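Colleague: I'm new to this one. Can you put it on screen and walk me through it?

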Amino acid sequence: MNKNTVLAWSFVVALGGFLFGFDTAVISGAEKAVQEHWHLSEFQHGLTMAIALIGTVVGAALGALPSDKLGRKNTLFAVAALYFISAIGSALANDWTIFILFRFLGGIGVGVSSVTAPIYISEISPAASRGKLVGLFQFNVVLGILIAYLSNYFIGQVGEESWRWMLGVQCFPSLLFFGLIFLIPESPRWLLLHRGNLAEAKRIMKKINSDGYELEISKIQESKNNTAGEGKLFVRENVKPILLAFCFALFNQVSGINAIIYYAPRVFEMAGLGSQSSLLSTVGIGVVNFIFTLLAINFIDKVGRRKLMLVGSIGLIVSLALVSHAFYTSQTTGFAITIYLMSFIAFFAFSQGAVIWVFISEIFPNDVRAKGQTFGSLTHWVMAAIITFCFPALTEMLGGGGTFLIFALFMVLQLIYVLKFMPETKGKSLEDLGHTINLH
């Protein structure tokens, strides 16, 4: 019963990931129609595509503030409201400036969600299943991306104003998310550490772990008493988790994942595929991403985060090297590039994609977990913006071969990071991890 209760709570919060993925991907189907509707210049079009990502960086930077001050649950209410307002506002906008304002608000929702949802799930999860439960967030992100692609395909056949429906349909899952948040409790760790509400924290923790909840409560209290940094992230005691989170988030993006997700049709057309084949291959990437994320969250607590990263790093090096080689030798006919890129997506989803939000939510001490998650998420989104911005110029300068070779070399550095520095976090309590990471 306890396991099913925690699973249900985690699934509700992970719906924030679904909206995260949907909001990120849905603009791909509407961007051409939006450009034509308001006769946008190249600069305006670029800003329209980037504005949600800019909002995401802002949301990620601010994520710890509401999460710590208002609580994880109230922050999730705000996230659901932002998604709803963004969907309705974007769909009904009669002015380009208003349109990008509402897209910006949606981006803030994505950024705050990437901080708060993984923290909440990690704080209510038993150590033995924490990886799988936090992994539900990433699973829902890729599900949201896939559903956005499919939704765009079907709605795109409606007519001239179909782009409004593409963006507006997100209001329905946003309302569902908002309603379901009423059914979940506040994080017991937040109640204890930020409100000193022992009675309520005990009541919720008893539902999570009826046998060992008293020991867990005492560990949380002990970790609070032993805190050296007094809630400050950038102190000497937190140097190792900060570096681990920074490198992990950095490598996540210098793999080239966002460039491939955002520019998949362009990459396939560079390889010589027609526009229809390119769109079909893009849907294929969404399906592969979904399948291998599902596979990863079933392995993450059995084999551990570090082994997934080892397997994934090697696979990413090989698949990116093959893409680079195909471009350098002009062997891009047929479906070779499609197969190599799908291999890349598979290895990414099985490792970095599934592990990032789990790992960063685990490695920081209780009193700075929200700030640490904010730091990791902010690093991730700033790098996402830089890579997304630079990718067209890189391919223009270096061609496909040089661009994907750079991504492959960064994955060699990631492999070294995993082998030399990444600790295993599976099966350990958050309090034990907060104490032992710096001793690793």
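Colleague: Which elements of the chain have the lowest and the highest mean pLDDT?

Modeller: Helix 13 (residues 257–270) has the lowest, 70, and helix 8 (residues 171–181) the highest, 97. pLDDT is the predictor's confidence in each residue, from 0 to 100; helices are DSSP runs of H or I, at least four residues, numbered from the N terminus. This is a predicted model, where local features need pLDDT of at least 70, side-chain atom pairs count only at 80 or more, and totals for chains, interfaces and linings use all residues. Residues are numbered from 1 along each chain as its sequence is written, and side-chain values use heavy atoms, without hydrogens and water.

Colleague: And how many salt bridges does the structure hold?

Modeller: Eleven, counting a side-chain nitrogen of Lys or Arg within 4 Å of a carboxyl oxygen of Asp or Glu. In one of them, Arg 72 meets Glu 123 at 2.8 Å, N to O.

Colleague: Where do those two sit in the chain?

Modeller: Arg 72 is in helix 4 (residues 72–92) and Glu 123 in helix 5, 51 residues apart. Both are buried, meaning under 20% relative accessible area with a 1.4 Å probe, protein chains only.

Colleague: Switching to Thr 116, what is it in contact with beyond its sequence neighbours?

Modeller: Leaving aside neighbours within four places, Thr 116 contacts Gly 63, Ser 67, Arg 72, Thr 75 and Leu 76, contact being heavy atoms within 4.5 Å. Thr 116 is in helix 5 (residues 96–124).

Colleague: Why does Thr 116 count as buried?

Modeller: Because its relative accessibility is 0%.

Note on methods:
Buried < 20%, exposed > 50% of the residue type's maximum accessible area, 1.4 Å probe, protein only.
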